[in-house]
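Please look over the sequence and the structure shown here before reading on.

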Amino acid sequence: MELAEIADEGDRFATYVEGLTSVIGHADRAGPLRDYCTGLLVAEGRRSVEPMAAVTAPSRVSAQHQSLLNFVASAPWSDEKVLAKVREMVVPSITRHGPIEAWIIDDTAFPKQGTHSVGVHHQYCGQLGKQANCQVAVTLSIANHHASLPIAYRLYLPKAWAEDTARRNKAHVPKTITFKTKPQIALEQMRAALMAGVACGVVLMDTSYGGNTALRSGVSALGLRYVAAILPTVKVRAAAEREAPRLSVKQLALGLPKHAWRTVTWREGSAAKLRSRFARVRVRIAPIRGAAGRGEETLLVEWPPGEAAPTKYWLATLDQTMSFRQLVDIAKMRWRIERDYQDLKQEIGLGHYEGRGWPGFHHHGTLCIAAYGFLVSERETIPPSGPRCARLLAKPAIPSRYRPRGAPDPAATARPQLDRHPPPPTGRRNRTNAATMPVLRPQPHTKNHTMQFMTQ
């Protein structure tokens with residue numbers, strides 16, 4: 001990268017941060033805001049407060065550490081206003097090549113030890129793929145085929161936390177926060193996005209959200225369409241038959257004729273075009289009660305060649321005249337949120353916050369999204385290209401004496417000038433061929449003296 005290009009990007013970063021400063025509140029927060037975002041982008045390894053202080057102010061690490069810690073953990077600035085400003089500045093880059101096509105709701109987990117960090121609970125951790133002690137944040141992202149960006153970020157507070165006044169007070173959980181399920185949080189985020197005038201997209205959900213009937217009904221009540229992944233056990237009836245039996249979607253898929261299946265290519269992968277075999281059929285959800293009030297939906301099924309049974313199922317409320325390829329393409333767009341989480345955690349340090357309070361958890365997440373938004377606006381593609389992320393900004397040299405708190409003392413430096421005399425050989429005998437000597441050192445020869453005890 002040319003020096004002029006690096007300078008231009010530095011100027012654009014300064015302009016970007018200046019935009020965020022306009023909604024941060026007090027003018028004294030402008031410096032910590034700039035430094036925190038800079039640290040997220042240029043620090044190497046763990047992006048907790050102390051390493052970022054060392055890389056942004058190497059000559060005064062202790063003071064910078066305290067400044068950044070106060071800014072992220074306790075300063076009363078609004079996460080919602082900052083995220084709205086990030087969206088305002090980044091969306092033009094995302095939509096330069098096309099409108100917003102999808103809203104993606106999902107959550108991401110952060111494994112944690114102990115019980116004091118806000119929201120920590122033994123629950124399913126997607127990062128580990130099992131039940132574990134972790135925090136979980138629910139997010140809403142906007143996306144098109146060009147890029148994507150999280151626009152809402154909220155910690156899921158388990159019921160055990162929501163009802164524990166002592167822990168709430170210690171973690172500074174706002175009184176307005178009550179227990180809500182993850183689907184309820186996602187619905188609130190979508191409702192807020194509509195009120196803020198965010199361009200609508202098809203709501204995409206994985207099975208943990210798509211399988212929630214109340215959430216799907218809530219999405220429809222907001223006037224939004226969805227493509228929701230569901231489990232193979234969901235019961236439906238084929239819409240084409242008046243007296244169709246009530247079947248699981250897996251049973252229905254296995255009974256489809258051969259001509260119902262088509263091989264569809266939806267996009268270019270990293271090595272080759274992505275294609276699989278799909279079928280679609282109009283159905284009505286068939287719960288035990290209330291089936292008569294259900295409208296028709298499209299059931300999309302994926303059955304890759306070589307698999308013994310279908311592997312994925314979706315319910316969609318999209319226009320039934322939509323082409324097969326478009327339907328598959330929009331259903332598969334959820335891959336973007338997975339890449340967002342990967343890059344936010346690996347490139348920006350989303351999971352590196354070490355504080356325990358509610359404000360700090362959300363402030364850190366908001367600033368990570370803000371730094372990520374700058375990368376999105378600069379590259380106009382997702383994900384960012386690893387090493388170049390750190391080359392956008394000049395990184396001050398860290399003093400050679402700097403050692404993070406808790407790090408072990410470095411090994412003592414050898415001082416050969418003090419070794420005046422060589423150590424004597426073992427047993428004071430010269431060994432010309434040490435390799436032929438026994439491994440065990442011989443015991444020194446001593447006389448056998450009888451111990452005598454005097455008693456009175």
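Helices, as named in this report, are DSSP runs of H or I with at least four residues, and they are numbered from the N terminus.

## Overall make-up

The structure is a predicted model, in which the chain has 14 helices and 12 strands. Of its 456 residues, 45% count as buried, and the chain exposes about 25200 Å², with carbon and sulfur atoms supplying 53% of that area. Among the contacts in the chain with a separation of 6 or more, 63% are accounted for by residues 24 or more positions apart.

## The cavity

Rolling a probe the size of a water molecule over the atoms shows where empty space is left. A search of the whole structure finds one cavity of 30 Å³ or more, and about 80 Å³ of space lies in the largest cavity.

The lining of the largest cavity is made up of Phe110, Lys112, Gln135, Tyr153, Leu350, Gly351, Tyr353, Phe361, His364 and Gly365. By class, this lining has five nonpolar, four polar and one charged residues. Helix H14, which covers residues 358-379, gives the most to the lining, with three residues.

Helix H13 runs over residues 335-348, and at 1.5 Å a residue its 14 residues should span 20 Å, which agrees with the 19 Å between its end C-alpha atoms. The buried residues in H13 are Arg336, Ile337, Asp340, Tyr341, Asp343, Leu344, Lys345, Glu347 and Ile348. An α-helix has 3.6 residues a turn, so residues three or four places apart point the same way.

What covers the buried residues of H13 includes helix H2 (30-42) and H14, together with strand S1 (102-111), strand S3 (130-143) and strand S4 (148-155). After H13 comes glycine 349, whose phi is positive, near 90°.

## Histidine 172

Where does histidine 172 lie? The place of histidine 172 is in the loop between helix H7 (165-170) and helix H8 (182-195). Most residues other than glycine have a negative phi, whereas phi of histidine 172 is near 60°, a positive value in a residue other than glycine.

Is histidine 172 buried or exposed? Histidine 172 counts as exposed because its relative accessibility is 56%, and the cut-off for that class is over 50%.

Notes
Residues numbered from 1 in each chain as written. Predicted model: local features only at pLDDT ≥ 70, side-chain atom pairs only at ≥ 80, totals over all residues. Heavy atoms only, no water. Helix = DSSP H or I, 4+ residues; strand = E, 2+ residues; numbered from the N terminus. Buried < 20%, exposed > 50% of the residue type's maximum accessible area, 1.4 Å probe, protein only. Contact = heavy atoms within 4.5 Å. Areas by Shrake-Rupley, 256 points an atom, 1.4 Å probe, with all protein chains shown as cover. 1 Å grid on protein atoms, 1.4 Å probe; cavity = no way out; pocket = protein on both sides within 12 Å on 5 of 7 lines; lining within 4 Å. Points joined across faces, edges and corners; volume = space filled by probe spheres on them. Nonpolar A, V, L, I, M, F, W, Y, C, P; charged D, E, K, R; others polar. Expected span 1.5 Å × (residues − 1).
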